[in-house]
Amino acid sequence: MYGQGMYGPGPMYGPLYGYPKAEGPYPPGLREPAPIKFTEGKLFIGGVDAHIITKDDLVQYCARWGEVADAVVMDKKNYGFVTFADPKVAMKFLETRVHELKGRRLDAKAAVPKAHLGTAKLTKKMFVGGTGDLTDEDFRQHFSQFGGIEDAAVVRREGMSRGFGFVTFTDEVSVEKCLLVNHYIKGRKVELKRAVPKEDLGAQSSSAAAAGILAPHQGMVPPGYQPMPH
């Protein structure tokens, strides 16, 4: 984990952590799907044509940065995944902006389960849930280790924390680096997502924002987010 000198456990599920589980039994003959586990150091690699690039090709290329724990090339999907043994190596891989293999341009970003996604688009702005009583200084100090920060603040109403905040970095890569690991700030586990642009939230949220119902920043809160208890 970042913030306590070691990597933390995988994501926790249930209402307290913002990932509500379905209530009641599934219909007969169907089993409730298991939540997709978040894997630290795992990258999504776009532009991987399985007819040109094999798994061995991908592993050999990525191993230039460090030990590869796992890799897969998705047949007929034009993408793959690479998991580095050390998430810091995955961050170094992202810092190399241009990747080419067998004449193909590869696009790398953090591999994020849908429950953690926010938006699939690269962005400089990141949503942080479960902030509780953290101060803005705690917030900024923690995330500054991942890159230059333009703005970082816990969202408050009448001086009270609303349980989430936002960090805006100077570049998109810093957000992707953050998404590669679990985070603990002052002993508190926080959850990260790429911030959702207001225009992507749908007509209902846009109408509410236009009517002044949404507080500042609220338009970028991932749909269905439930803040952790303080």
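Which side chain meets that of arginine 156 in a salt bridge? Keep that question for the third stop; the model is a predicted one.

**Whole chain.** Start with the cartoon, which shows five helices and ten strands. Of the 230 residues, 45% count as buried. Among contacts with a separation of 6 or more, 70% are between residues 24 or more positions apart. The structure holds six salt bridges, and the next stops visit some of them.

**First stop.** Select aspartate 57 and lysine 102, whose side chains form a salt bridge with an N to O distance of 2.8 Å. Aspartate 57 is in helix 1 (residues 55-62), while lysine 102 is in the loop between strand 4 (99-101) and strand 5 (104-110), so this pair ties together parts 45 residues apart in sequence. Aspartate 57 counts as buried because its relative accessibility is 16%, under the 20% cut-off.

**Second stop.** Select lysine 92 and glutamate 95, a salt bridge in which the closest N and O atoms are 3.8 Å apart. Both lie in helix 2 (residues 87-95), three residues apart, so about one helical turn separates them. Glutamate 95, at 36% relative accessibility, counts as partly exposed.

**Third stop.** Select arginine 156: its side chain meets that of aspartate 136 in a salt bridge (2.9 Å, N to O). Strand 7 (residues 149-157) holds arginine 156 and helix 3 (residues 136-143) holds aspartate 136, so the pair ties together parts 20 residues apart in sequence. Arginine 156 is partly exposed at 35% relative accessibility, and aspartate 136 is partly exposed at 32%.

Definitions and conventions:
Residues numbered from 1 in each chain as written. Predicted model: local features only at pLDDT ≥ 70, side-chain atom pairs only at ≥ 80, totals over all residues. Heavy atoms only, no water. Helix = DSSP H or I, 4+ residues; strand = E, 2+ residues; numbered from the N terminus. Buried < 20%, exposed > 50% of the residue type's maximum accessible area, 1.4 Å probe, protein only. Contact = heavy atoms within 4.5 Å. Salt bridge = Lys/Arg side-chain N within 4 Å of Asp/Glu carboxyl O.
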